[in-house]
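Subject: Structure for your attention

Dear colleague,

Please find below the sequence and the structure that I am handing over to you. An account of what was found follows directly after them.

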Amino acid sequence: MKHRLLALLLAACTLLCLVLTSCSKSTDSSQDNSADAAAQDPQQADANGNYKDTVVWAQSADVTSMDPHVGKETAAVTVTCNIFSTLMEVIGDGDPQPLLAESYQQLNDTDWEFTIRQGVKFHDGSDLTVEDVKWSLDRAIASNYVNYIVSFIESVEITGDNTIVVHCTAPYAPILNNLSMPFSAIVPKAYIEANGDEYFSQHPIGSGPYKMVKWNPSDSVKLEAFDEYFMGKPATKNLVMKVIPEAAQRVIALEMGEVDIAYSIEANDVSKIDANPDLVKYTRPSMTCFNYFFNLIDEDRPTYDLKVRQAICYAIDRQKIIDTILQGSATLADSMIAPIVACYTPTPTYDYDLEKAKQLMAESSYPNGCDLIMVTNQSQQRLEICQVVQQMLKELNINVEIRTYEQATYIQALNEHEHDMGFSAWITSTGDADYTYYPCYHSTQKGKPGNRSFFGNPKADELIEKGRSLSDPEARKEVYSELNQIIYENCTQLYICHPLTVEACTKYVEGFVSNKDGYNRLWTVKCLQS
Amino acid sequence: MFRLILKRLLLLIPVLIGVTFLVFAILSLAPGDPVLVVLGDNATEEAAEAMRSELGLDKPFLERYVNYIWDLLHGDFGKSYKTKLSVSDQILSRFPNTILLALSSMLIALLFGIPLGILSAKKQYTLLDNVASVGGLISVSMPNFWLGLLLVILFALKLRWLPSQGMSEGTGPMLKSLILPAVTLGTGIMATIMRMTRSSVLETMRQDYVSTARAKGISESQVTTGHMLKNALIPIITSAGLQFGHLLGGSMLTETVFSWPGVGRYMLDAIKTKDTPAVLGSVILMSVSFSVVNLLVDILYAFVDPRIKSQYKKHGKKSALRAKKQEA
């Protein structure tokens, strides 16, 4: 009897739990269920009959916040960039183009006028006005999370029914790139004021091609097409973002047709995509640079000696690192700036030459070798690169101690210059060279996040400031070319590579454009019935 | 019995204070600034300072801890540093998923573990016993993530019987998506329970009351279930209870491999970013789950073993007498 009771109790608990989870998953509208059903049932088609009405994409992490002025991680922005619009926009490898701004003009060195599109609506049907634009930019400036992207703005002034003027603190050439970043998205003032920030961060309303239907934390986000989107009706009725943290699982889900698009394919899974005729690979150079910051601040450290730094650079066979650990999914870096970044200029490099490295080491203050501390975070790939570099430096009689820290401690260790060589994966997020030159090389940024070499040079400062103030791209390139020469001569870093970004789709997906900033806008994507 | 439950629940208070203090102290003393992790490489120093002040991280450790406990007493678990969302909402939205996975894994473990353990004991030193022992050893030794991936490759990718990941909607698809993670988690526990059942049944097999039962002419199945298993249940319940308590805290690896939206993954992400309120919230949930499950196990003892039940009753009466004396 008691056993029966126990069995009943256990069964009741399981049932209750099932009901609870079912309830928590089905609190939304019927569209929600149909979206999910369609995701699994390829028979359901849109009005054309040939295309699925739901496209599912997989990414490695969940959205941190739906508020574009808080959630700045790539995993958040890949979703929110489909919900919100910005004044400018970058598509593919292109330059910033007007989006919410119909047009723009530079009034003088520091003032830019933007004419805002008329008739743009938020998802709740309200009109997007210049009030919203000013309020949004002010909100982004006040946000601790994203203000670095709009910190160049002194004030935003409404000058007409559909015009605003952005006053910059100083001449700032990359303004259009910064205003195309999803962190400077335009949000609805009235809605946020009425509902509060926390509500907004879970129930966002934007003016982008898709509106949010449901967010299942750690699991998925469901979006539905906003038919009144000012650029036209989105190609697919529903979009679903699935969180699949394991890279191998993302590829399996793609192979099985559980998802149509998968982001962040790792180097060791690329061969699986290549071998499968049903999958299509999208490879593009990223704006990330794997590099080591040398410690230039502590006189008692070996890396204070220029010849040691140069010897280290010459001793590293970077192509071997790319061919082995990264399995070819990277290109050699000549500077922090990747070739797809605006105002990139080629820079001389310290190419692998062991004899030259040995000679430089012999001429340095450490002819018999030295001990170095290398700091990295817990990324397996980074650790493997560090281990290869450690082995290569043994040729110079340099003993490297690798210190692996979790992210918070890693940042602290670099800021407190515990390292001789600190691994960094810097991303030029805005796609403009100034985004990297200023924080990484300006003397005012010494010790702050970015300039972990603690590099400072008056001529370099002058050129960095000049570069951001010029509006002519060719003139900027000339300035940056001169700046690169200074950085090269000082050998502030060991540049390894720019890893490639790999995304994959099933062969049925059409209209997918891999964006250079990694934030893919999916409103043109559609998927044929398989 | 009621007094015992009350007493155990009251004991939860010092446990929670101790646990939160320890976790709070470890997170505070460990090197690394959570603000720099949350804001990222590009944050300005002013933004970092402003955020430290907003989150109260510029205050002394004890003041922060007392503030946290005060908020906790008011039912406020705080907001995540990273997402600015309420920690309790975030955890509670994931907890049913974790309970479902935990219950299913336990069900698999018990359904297969106990009968296999009994068979093993009754057929000691036979081929079946040896196969079960070796199988159990392999199951316990196999890492969850590896077993999970093997199951995915076989049942999802090759045979296409089950979904490879995620938690599908609707009861039918959800149950289908539950099978692989539950089997992955349940396999190791099943092996432990099987070994425990085997040794426990072996012990009771040699008892006089089993011989007496057989001598009375009771059928072998009744002897096994009514006499042997019933007396062997206590260590099995203890072991299963401990395992279940662990499972309720979330299974980070299995949840990650199968993209299961449970509290384990939430806690893992929180630890990575030193998100103190999120870590504390998860740890409190773990502690409470563990304590409650242990209490349930203690109550279950009373149902299984009349001797323990009488002890509880005696204890209850003594306490009642003591209370009466004090009143007088």
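**Chain B: helix 13 and its surroundings**

In helix 13 of chain B, the buried residues are Thr276(B), Pro277(B), Ala278(B), Val279(B), Leu280(B), Gly281(B), Ser282(B), Val283(B), Leu285(B), Ser289(B), Val293(B) and Leu300(B). Please bear in mind from the outset that this is a predicted model. The buried residues of this helix pack against five other helices of chain B, namely helix 1 (2-29), helix 2 (34-39), helix 5 (87-122), helix 10 (220-248) and helix 12 (263-272). The length of helix 13 of chain B can also be checked: its 29 residues (276-304) should span 42 Å at 1.5 Å a residue, and the end C-alpha atoms are 41 Å apart, which agrees.

Chain B as a whole contains 14 helices and zero strands. Its C-alpha atoms fill a box of roughly 85 × 75 × 35 Å along the principal axes. Of its 328 residues, 39% count as buried. Among the contacts in chain B between residues at least 6 apart in sequence, 73% join residues at least 24 apart.

**Where the two chains touch**

How many residues of chain B are in contact with chain A? There are 52 of them, and they are in contact with 52 residues of chain A. On the side of chain B that touches chain A, at least two residues each come from helix 2, helix 3 (45-55), helix 5, helix 7 (144-158), helix 8 (171-205), helix 11 (252-257) and helix 12. Helix 5 of chain B gives the most to this side, with nine residues. By type, the residues on this side of chain B divide into 26 nonpolar, 15 polar and eleven charged.

Strand 5 of chain A pairs with strand 4 (residues 101-106) of chain A through five bridges, and the two run antiparallel. These two strands form a hairpin with four residues between them.

Do strands 15 and 16 of chain A run parallel or antiparallel? Strand 15 (residues 370-377) and strand 16 (residues 398-405) of chain A run parallel and are joined by eight bridges.

**Chain A: helix 18**

Helix 18 of chain A comprises 18 residues (473-490), which should span 26 Å at 1.5 Å a residue; the end C-alpha atoms are 25 Å apart, which agrees. Its buried residues are Arg476(A), Val479(A), Tyr480(A), Leu483(A), Asn484(A) and Ile487(A). These residues cover an arc of only 150 degrees around the axis, which puts them on the same side of helix 18 of chain A. As background, an α-helix has 3.6 residues a turn, so residues three or four places apart point the same way.

The buried residues of helix 18 of chain A pack against helix 16 (434-441) and helix 17 (458-469) of chain A. On the other side of helix 18, Glu474(A) and Glu489(A) are exposed. The helix is followed by Cys491(A), whose phi is positive, near 45 degrees.

**Chain A: Glu228(A)**

Finally, Glu228(A) lies in the loop between strand 9 (220-225) and strand 10 (238-243) of chain A. Why does Glu228(A) count as partly exposed? It does so because it has 14 C-beta neighbours inside 10 Å. The C-alpha atoms of Glu228(A) and Gly119(A) are separated by 9.8 Å, although these residues are 109 residues apart along the chain.

Yours sincerely

Definitions and conventions:
Residues numbered from 1 in each chain as written. Chains lettered and ligands numbered in written order. Predicted model: local features only at pLDDT ≥ 70, side-chain atom pairs only at ≥ 80, totals over all residues. Pairing = 2+ DSSP bridges. Expected span 1.5 Å × (residues − 1). Buried ≥ 20, exposed ≤ 12 C-beta atoms within 10 Å, placed from the backbone. Arc of directions from axis to C-beta. Contact = placed C-beta atoms within 7 Å. Nonpolar A, V, L, I, M, F, W, Y, C, P; charged D, E, K, R; others polar.
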